Amino acid sequence: MATPASPSPPPARLRRRGRLDPVRILVYVLAPPVNTLTRTCGGCTCDRVLLRFANVLRILYIGCLRRDQNPLHPGHRRKPQTEFADTKTTDDNIAPAPAAPPVFRQPAMTDDSRAAREDDRLSKLGDSVLGLILSFLPSFEAARAAALSRRSRNIFAAVKTVSLDQGERPIPDGDGFWPLPIEAPPFGNVVSAALLARQRRGACPLRELRVSFRDLRGLNSALVDQFLSCAMQQAGDELHLDLRLRGSVVCSLRRRRSDPENNDEPPCAATYGDHAHDEEEDEDTASPPADDDARPRAIPAPTRLFSCVALRSLRLGPCRLDLPVAAVDLPSLETLLLTGTAGEQVQRLVAACPRLADLTLEACAKLTTLSVLDKRLRRLALRCCHELTAVAADTSELRVLEYKGVVPAASFLTMHGPPGRISSCTLDFCSEEPSDSSVLRGFLELFTGAEHLHIKSTYLGSSAAGFPLFTSLRHLELTGTSPDDDTTVAAAVSMILQRTPSLETLSLFFLPEPQSHAYDLCYDDEEAILDVPQLRYDRHAALGVPDGREIHCLRQRTREINLVHYQGAVSQRMLAKFLLGNAAVVEELCCAMAQGTLWMQTRLMEEMRGWAMNKSARIIFV
């Protein structure tokens with residue numbers, strides 16, 4: 001009796017890492033040679049499907065092979081014998097696998113290159129460097145860096161600046177009812193929590209604390225004293241504090257001028273831009289929580305704040321000063337900004353700052369006199385302090401001066417020091433200029449040595465009658481309205497240019513004309529008003545311009561002219577024609593037009609190009 005033959009060992013391609021791979025065995029069994037299927041299956045559709053399935057399985061099987069066994073691999077070297085010799089298939093109908101296109105092979109990575117790729121360069125930075133980078137972000141964003149890794153868990157302690165901005169109030173629905181969100185903690189508690197989060201081992205000193213309040217709801221003196229005490233304890237050699245209510249100060253004189261019917265407001269009052277219409281909105285909609293009516297109107301400043309030795313800059317507004325009875329000592333304070341503060345305490349606080357160099361006062365009621373003779377100020381700004389009648393300052397180092405209010409007399413500002421040191425001056429007149437031009441002339445003569453002058457008035461060029469001679473002026477900016485029927489604007493600007501022989505840059509900002517009350521009722525928000533087309537064009541208007549041949553600066557000095565919010569009114573077109581027709585050496589003209597139709601913009605652009613005396617000048621339209 002013949003002994004049965006011993007089974008042959010499985011081929012090496014069915015093994016993976018020395019062991020039989022069941023996946024490869026299954027693919028090999030289910031994928032017989034193609035010629036075998038061709039001989040056994042005829043030409044039916046079912047057999048064709050099986051044939052395609054077998055080819056797919058064979059491709060998958062070849063892809064599972066190693067580099068030295070896979071004939072489709074770019075690095076495979078063909079051997080003299082066939083790849084599947086042990087399958088006993090010698091059919092020559094099977095075409096060899098096509099040669100693969102050349103593939104770029106990257107060199108093998110060494111241990112050093114692999115370690116350099118896997119290394120995190122950000123982790124190599126020290127905590128002080130990472131804290132300095134995160135200091136430029138809001139604190140809510142900087143605190144999220146703690147979730148990056150275990151190493152960044154305490155990185156917020158290395159942040160030198162804490163910047164917090166209170167969120168917006170919920171918006172009422174269409175029926176006027178306020179939604180009921182999750183009760184949020186008072187914003188003062190959020191500030192305290194951010195400062196307490198920095199109290200870790202090895203925390204860096206706090207350099208700056210900036211807090212922007214949406215409203216002062218839930219804020220009391222104890223809460224402010226809590227987080228300010230924490231900030232002063234964490235401070236190092238210098239500390240900068242900025243605690244202000246969001247929004248810009250809106251002068252009541254300017255609001256009364258735009259709305260003559262509202263004359264009940266006192267002339268010295270001022271409100272913030274974001275809160276000017278809060279009371280009107282509350283009347284139309286359901287009121288917020290009951291404690292909104294009792295919210296404070298000013299930030300309570302604690303007593304211990306005015307004895308901080310490390311304090312370098314202080315910005316408060318609106319604030320309620322509570323100076324201690326003892327002496328106020330701020331030896332390192334250099335920058336001071338106060339908004340909405342009673343005048344009785346302002347002078348005492350200013351006197352306690354021997355190193356004060358930058359002073360800004362906004363809407364300080366009951367402030368009648370101000371003396372800064374013992375300070376070397378480099379910048380002085382007085383905005384909407386309408387009860388202020390006399391200011392005495394040492395101008396030996398004063399370089400920048402800003403004033404906003406009514407046109408004062410020449411005796412308003414008493415300057416002690418060498419004249420002509422102020423290089424930049426900004427004057428914003430809230431009310432109309434006085435009929436007597438000598439009052440304006442006497443005030444402007446205090447700044448004849450300035451190189452940069454910005455005058456904002458009711459009407460553009462209304463200060464021409466009292467404009468003195470500025471021999472050193474290089475940059476002039478004029479802001480105001482230019483009514484369509486006002487034909488004296490070009491003549492007024494011509495008078496001003498005759499008294500600025502060294503002028504190099506002229507910028508004109510055209511403010512929109514005040515709209516009637518009925519027009520305002522058609523639009524509910526500011527975006528709708530801005531979307532209203534304000535561009536106009538009258539091709540039949542007569543554009544008579546004054547003679548500018550005697551203006552020295554236009555003929556020889558002026559190199560740049562800027563027209564902002566150009567609306568195409570007749571008075572503005574006359575002014576543009578006068579300037580471009582006499583500017584012989586101008587090199588660049590930039591015109592920012594108001595919104596309007598395309599054909600109006602095209603006509604105005606072609607018109608200005610034709611007026612240009614210097615055809616090689618660069619004209620830019622925005």
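Helix 14 is mostly covered, with seven of its ten residues buried; here, buried means under 20% relative accessible area, exposed means over 50%, and partly exposed lies in between (1.4 Å probe, protein chains only). Helices (H or I, at least four residues) and strands (E, at least two) are DSSP runs, numbered from the N terminus. The model is predicted, so to speak of local features a pLDDT of at least 70 is needed, side-chain atom pairs count only at pLDDT 80 or more, and totals for chains, interfaces and linings use all residues. Residues are numbered from 1 along each chain as its sequence is written, and side-chain values use heavy atoms, with hydrogens and water left out.

**Helix 14 and its surroundings**

- Which residues of helix 14 are buried? They are V489, A490, A492, V493, S494, I496 and L497.
- These buried residues pack against strand 20 (475-481), strand 21 (505-511), helix 17 (552-556) and helix 18.
- The axes of helix 14 (residues 489-498) and helix 18 come within 8 Å and cross at roughly 40°; axes are lines fitted to C-alpha atoms, for helices over the stretch in contact, and angles run from 0 to 180 degrees between N-to-C directions.
- On the helix 14 side, V489, A490, V493, S494 and L497 make this contact, while helix 18 brings S571, M574, L575, F578 and L579; contact means heavy atoms within 4.5 Å.
- Sorted by class, the contact of helix 14 with helix 18 has eight nonpolar, two polar and no charged residues. Ala, Val, Leu, Ile, Met, Phe, Trp, Tyr, Cys and Pro count as nonpolar, Asp, Glu, Lys and Arg as charged, and the others, Gly among them, as polar.

**Helix 18 meets helix 19**

- Helix 18 (residues 570-582) also has a partner in helix 19 (residues 598-611): their axes come within 8 Å and cross at roughly 35°.
- From helix 18, R573, A576, K577, L580 and G581 meet L604, E607, M608 and W611 of helix 19.
- The residues of the contact of helix 18 with helix 19 divide into five nonpolar, one polar and three charged.

**A cluster of aromatic rings**

- How many aromatic pairs does a search of the whole structure find? There are seven.
- Rings of Phe, Tyr and Trp (its six-membered ring) pair if their centres lie within 6.5 Å; planes under 30 degrees apart count as stacked, over 60 as edge-to-face and the rest as tilted.
- The rings of Y403 and F412 are an edge-to-face pair, because their centres are 5.5 Å apart and their planes stand at 65°.
- Y403 is buried, with a relative accessible area of 9%, and F412 is buried too, at 6%.
- F443 has a relative accessible area of 1% and is buried; F447 is buried at 2%.
- Ring pairs link Y403, F412, F443 and F447 into a cluster.

- Where is E208? Look in strand 4 (residues 206-213).
- E208 counts as buried because its relative accessible area is 17%.
- Leaving aside neighbours within four places in sequence, E208 is in contact with K160, T161, V162, L239 and H240.
- R557 sits in the loop between helix 17 and strand 22 (560-566), and counts as partly exposed at 30% relative accessibility.
- Not counting residues up to four places away in sequence, R557 touches R474, P501, S502, L503, E504, H552 and V585.
- R557 and T505 are 52 residues apart in sequence, and their C-alpha atoms are 8.8 Å apart in space.

**Cysteines**

- A search of the whole structure finds zero disulfides; a disulfide is a pair of cysteine sulfur atoms within 2.5 Å.
- The closest cysteine sulfur to that of C319 belongs to C364, and at 7.6 Å this is too far for a bond.
- C319 is buried, with a relative accessible area of 4%, and C384 counts as buried at 3%.

**The whole protein**

- The protein has 19 helices and 24 strands.
- Of its 622 residues, 40% count as buried.
- Among contacts between residues at least 6 apart in sequence, 60% join residues at least 24 apart.
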